[in-house]
Amino acid sequence: MSEYVDPYPGRKGKERISETCGKCHGTGVYDASSNASFHTKTVGFVTTGCFDCMGTGEHSFLVSSARAKARRHAREALERQTRIEAAREREEQFRAKYGELVDRAKAVLDGLSDGDPFHRKLSWNLDAIGGDPVEFDAAAWETELREILVAFDEREAAKRPAPSGRLEIVGTIRSAKYVDSDFGSTLKMLVEGEGWKVWGSVPKSIADSEYYAFYSADGNDPADDGIGVWTGALIGREIKFTATVKPSDTDTSFGFFTRPTKAEISEKVEESR
Ligand SMILES: [Zn+2]
């Protein structure tokens, strides 16, 4: 209700109204835990008095203050309604202008795994739409989203089928981490070639020699480091090895390799730690 209606039509402002308390239905007793005790006119001294009417069982007020309250409520309701309508209008205008762009971004996002960097970028960008409308800079937001989608399209266009079968692989190590399974912890790596990536275990000879090299260096101490800290030294390095690669069912540019042998790794990159 956003229109003011006189709650006591025909009555004078100075008139006093007495109404039965709605909280306790006039008993002065409220059926809930309370530390207040009152003397009530209905049941005498009680320990759970109604807070709403302070145990009197009724509310007494001036017609003029009831009218002021009704006016305030009407004004608040109108303001609320105006805010809702303004928000709806903003949303419709936004939808008309950017609907297609947002739909495309959502469709791309749907097809991405959580670990994909574009997943994070698109989620952040789309989340910004629902933020504070005063802070929201639509032009900057649009520019950013278009840039993300262009970069995504470029990456997709650059994808090539991952190698498959038993063969020599040459690529760059993009990530390395320990993965736990029922058989213990295994150091895995993501190797990127031109337009493809393969995932599998770091060849044992490389893991051993690189671990040794890392902790032989000054300042590096396995006792101070968490597990896997040394693997940062592998990132960005070229690796060559022979393995059996099986392409992913969902993404032909991605493959899983097993039985890596004859591995060679390039010299350590400087600022890798
Ligand atoms: Zn009451």
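Here's a quick rundown of the salt bridges, strand pairing and surface charge in this structure. Keep in mind that the model is predicted.

**Salt bridges**
- Asp6 pairs up with Arg67, with their closest N and O atoms 2.9 Å apart. Asp6 sits in the segment before strand 1 (16-20) and Arg67 in helix 1, so this pair ties together parts that are 61 residues apart in sequence.
- Arg67 is buried, at 13% relative accessible area, while Asp6 is partly exposed at 26%.
- Glu192 and Arg174 meet in a salt bridge at 2.6 Å, N to O. Glu192 belongs to strand 6 and Arg174 to strand 5 (residues 165-181), so parts 18 residues apart in sequence get tied together.
- Within helix 3 (residues 138-157), Arg146 and Glu142 are 4 residues apart, about one turn of the helix, and they form a salt bridge with closest N and O atoms 3.0 Å apart.
- There's also a network of salt bridges linking Asp116, Arg155, Glu156, Lys159 and Asp251.

**Strand pairing**
- Strand 6 (residues 184-192) and strand 7 (residues 197-201) run antiparallel, joined by 5 bridges; Lys188 has Ser201 as its bridge partner.
- These two strands make a hairpin with 4 residues between them, and Gly195 in the turn has a positive phi of about 85°.
- Strand 7 also pairs with strand 9 (residues 254-265), this time parallel, over 3 bridges; here Lys197 partners Phe254.

**Surface charge**
- Glu85, Glu89, Glu91 and Glu92 gather in a negative patch on the surface.
- Glu91 lies in helix 1 (residues 63-110) and counts as exposed because its relative accessibility is 59%.

Methods:
Residues numbered from 1 in each chain as written. Predicted model: local features only at pLDDT ≥ 70, side-chain atom pairs only at ≥ 80, totals over all residues. Heavy atoms only, no water. Patch = residues over 30% accessible without salt bridge, like charges linked within 9 Å, V, L, I, M, F, W, Y side chains within 5 Å. Areas by Shrake-Rupley, 256 points an atom, 1.4 Å probe, with all protein chains shown as cover. Salt bridge = Lys/Arg side-chain N within 4 Å of Asp/Glu carboxyl O. Lys, Arg positive; Asp, Glu negative; His and termini not counted. Charge placed at Lys NZ, Arg CZ, Asp CG, Glu CD. Buried < 20%, exposed > 50% of the residue type's maximum accessible area, 1.4 Å probe, protein only. Pairing = 2+ DSSP bridges.
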